[in-house]
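Dear colleague,

Please find below the structure that I am handing over to you, followed by an account of what was found in it.

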Amino acid sequence: MSETTVSAPVSPGRAKFLRFLVRDAGVLLALVLITLFFSATAPYFATSGNALKIFVQIAINTVLAAGMTFVILTGGIDLSVGSVLALCTVVGATVMINESLSPAVAISLALLACMATGAMCGFLNGWISTRWKIPSFIVTLGMLNMAAGAARVVSDNSTITGLPQSFVDFGNLIIGGFLPSIFLIAVLVIAAGWFVLRFTVFGRMIFAVGTNDEAVRLSGHNPDFYKVAAFTISGLTAGIAAMVYLLRLNIGSPIAGVGYELNAIAAVIIGGTSLSGGKGSIIGTLVGACILQVLSTGLQLLGVGDNFKPIVIGLVIVLAVILDAYRERLLRKIR
Amino acid sequence: MDAILSLEGVGKIFPGAVALSDVSLGIARGETHIILGENGAGKSTLIKLLAGIYQPDSGTIAFNGQPYQPKTPHDAQQSGIRIVHQELNLLPYLSIAENLMLESLPRRAFGIVDRKALNSRAVALLQEVGLDIDPRTRVEALGVAQMQLVEIAKALSYDSKLLVLDEPTATLTPPEIERLFSIIKRLKARGVTIIYISHRLHEVFEIGNRVTVLRNGRLVATRDLEGLGVPDLVRMMIGRDIADEYGFDARVVPGKVALRVANLKRDASTPEISFAVRHGEILGVAGLVGSGRTEAMRALFGADPKLDGVVEIGGKPVAIAAPKDAVRHGLSLLTEDRKGQGLLLDMAVDRNITITDLGKVSRNGLLNRRAEAAAANDLVGQLRVKASSIEQAVRNLSGGNQQKVVLAKWLFRGTSTLILDEPTRGVDIGARREIYQLLWMLAAQQKGIIMVSSDLPELMGMCHRIIVFSKNRIVGEVPRSEFDQERILSLAYQEYVRP
């Protein structure tokens, strides 16, 4: 036994289980407890109608937070996703209401346009911050303003309505009576992210870059490539989230998405991803998004006013970060 | 002797290493006391104990006859001990005057800074160190030598009884050193006691009264400087015999040139360097810390930019603009800063090993976890890395095992020439021997090995040839048959003692 800090030797199998318990199960347990609490105390909370409502409401934030997870894992932050979403909704809606196209073509083109616009904004974020070594906080703050402005220009400062009926219908679809279509999209995005982070070389590099980008560089890689890619993914998911927004609200709006970036960051952090990069999980992000919405809905049903709700949610976010510090210490002992 | 500071049996232990052991030392009031030692001899630990940054694990320190137990740097300052650290601690965007009196800015009513008093006091302090400069100048506009003097002036502003200067001349030019020495002499005449840490042997005779030599955390001797010469100091500093822990393998014979560096120039102010290493050769690189050894290796590897120069691998010139180019051509760099630049500390052993070539354990971008674990287990076994499993985070391994993981990651990649920068720093004796053995195995496989080290006996035990850096220049090359500690050391000092 080398001089590790482990006092009692932990077998690999048990260590794996303990790690799961501390890293992922902790947030999941919190979600279960919060849900049980509101089920017992808040009227109408434990109804299928309310559950459906929560699923519908978390879809947008979950998609945004999935991309945000990549960025935060590399040690960056993306403040622009809210207004990039707004830009994408007006771009997507503009394409979709083009009457010279059949609905199927219009919808497909709108999806492509949303994803391309988002990915382009994300790429610019990443490229500018790595090329000139500027903190992503600043670059994406700039993009927040630019994308918001661009959304107004593209939409001529007005709300775009009149989306194809088939599109609107799909947005309202509840598959099998329990699975809203837009929640399914969110889950698919999370699943894709999970697969990439867990099973691909690219995912491994995202973690490595966030852990120590200089060591990655000296090992013969170009860490900037992975950072730019993470921002591009975040932009891409903002584009997908814009489509989800169109499915849910049926309007393209230049003032959509205000403050969404903060909810996405909150979901990622509550989900256990470390702001300093290199550690975290996208499943945690999904759970984090659930916790935020369950809290919000539950507090509302309990009759806690709109004034107090943000106070409670803010406290939970801070609490999550404090717990994260403890979790790190625990994890270090286990490994 | 009227001792202003006395240490009795002082020791300091870090996890896995004894930094200072049973040091007893008396500093006489009013003397200038030189402390010498190689890198890692315990000089910095000693200073940090005095500065209140570390607390001793054993022994006692008395200052002015009172027990001295500073818990923080602030305590040390309050007691009248001032330390000018090697890394300067000035705030670049504040003025000289503000820096000088930061801890007690002269104030008027309502806590408003009294600028007039501030600047006039600053002028007086600057005069004491012979700096004729407007105290309102921002510190960032000063040169290193001037900053050094500002630090000393700052130390004086607190009526210090004991001034500790940690390698103050490391970055100074000869005229600046002269100026510093005249100020030191003036302070001494005023009765200030000075502890002066250096590794420049020639300069200490000019200002010192007595000298204490540390080696491997122990005190070798305290002597009057009068009557001693540089060779005496060298002998005291190095002292030990070269036991054969290195296992020099005479069967390993260097072959063709593996890597040649010609006219490598880092920037406009550094000289060109050229050297070559052969297949199956261990080439030693000696020189003081800061002599440009590490910088040259990093520039060669593409880790830092370089201005000019040719790198040839296997006789063909190759373009190296970034580490990825170097790695592609079969170069590997084991960095001096293992934790900061070599390892993904919070990631598992296997992930640290495979990071150099994930293509080997993946197909179409998908990781093959089983192949990865097999490859990692293989290398962990081969290098005898002691870890509870390949899933253990590297952070929790000992220094020696961490270093083996860094070696493993380059072996995983497959390498033709290895550059090792301080490969045994912070590594315990046992693991050190295993690393030496491993290097001989690699040399026997006809890899080229460049070994940068501050441990001269280690270089002399391991290398076929040693090149010596002094002030960014390669000042000499010594073949194994002519290895001689004093010769190599005097080469290392050559450019620094030149008038």
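Which strands of chain B does helix α8 (residues 230-238) of chain B lie across? Helix α8(B) lies across β3 (32-37), β9 (210-215) and β10 of chain B, and runs at about 30 degrees to β9(B). Axes here are lines fitted to C-alpha atoms, for helices over the stretch in contact, and angles run from 0 to 180 degrees between N-to-C directions. Helices (H or I, at least four residues) and strands (E, at least two) are DSSP runs, numbered from the N terminus.

Please note that this is a predicted model, in which local features need pLDDT of at least 70 and side-chain atom pairs count only at pLDDT 80 or more, while totals for chains, interfaces and linings use all residues. Residues are numbered from 1 along each chain as its sequence is written, and chains are lettered from A and ligands numbered from 1 in the order in which they are written.

Sheet and domains of chain B

An open sheet of six strands in chain B has the order β6-β7-β8-β3-β9-β10, with mixed pairing; two strands pair if DSSP finds at least two bridges between them. At its edges stand β6 (81-84) and β10 (218-224) of chain B, each with a single partner strand, so one side of each has no neighbour in the sheet. From one strand to the next the twist averages 20 degrees. Within the sheet, β7 (residues 162-166) and β8 (residues 193-197) of chain B pair in the parallel sense over five bridges, and Val164(B) has Ile195(B) in β8(B) as its bridge partner.

Chain B is assigned domain 1 (3-238) and domain 2 (257-497); these bounds come from an automatic or database domain assignment. The centres of the two domains, taken over C-alpha atoms, are separated by 35 Å.

Buried elements of chain B

A residue is called buried if 20 or more other C-beta atoms, placed from the backbone, lie within 10 Å of its own. Strand β21 (residues 465-470) of chain B has six of its six residues buried, so it is largely enclosed by the rest of the structure. Arg465(B), Ile467(B) and Phe469(B) cover one side, and Ile466(B), Val468(B) and Ser470(B) the other. Strand β13 (residues 282-286) of chain B runs parallel to β21(B) and is joined to it by four bridges, with Ala286(B) opposite Val468(B). On pairing with β22 (residues 473-479) of chain B, β21(B) is antiparallel over six bridges, and Ser470(B) has Arg473(B) as its bridge partner. The two strands β21(B) and β22(B) form a hairpin with two residues between them, and Lys471(B) in the turn has a positive phi of about 50 degrees.

Helix α9 (residues 293-301) of chain B is mostly covered, with eight of its nine residues buried. Among them are Arg293(B), Met297(B) and Phe301(B).

The contact between the chains takes 30 residues from chain A and 38 residues from chain B, where two residues are in contact if their C-beta atoms, placed from the backbone, lie within 7 Å. On the side of chain A that touches chain B, α8(A) gives the most, with six residues. Ten of the eleven residues of this helix α8 (residues 201-211) of chain A are buried, so it is largely enclosed by the rest of the structure. What covers its buried residues includes α2 (48-73) and α10 (223-249) of chain A, together with α12 (349-354) and β18 (366-367) of chain B.

Yours sincerely

Notes:
A residue is buried if 20 or more other C-beta atoms lie within 10 Å of its own, exposed if 12 or fewer, and partly exposed in between; C-beta atoms are placed from the backbone.
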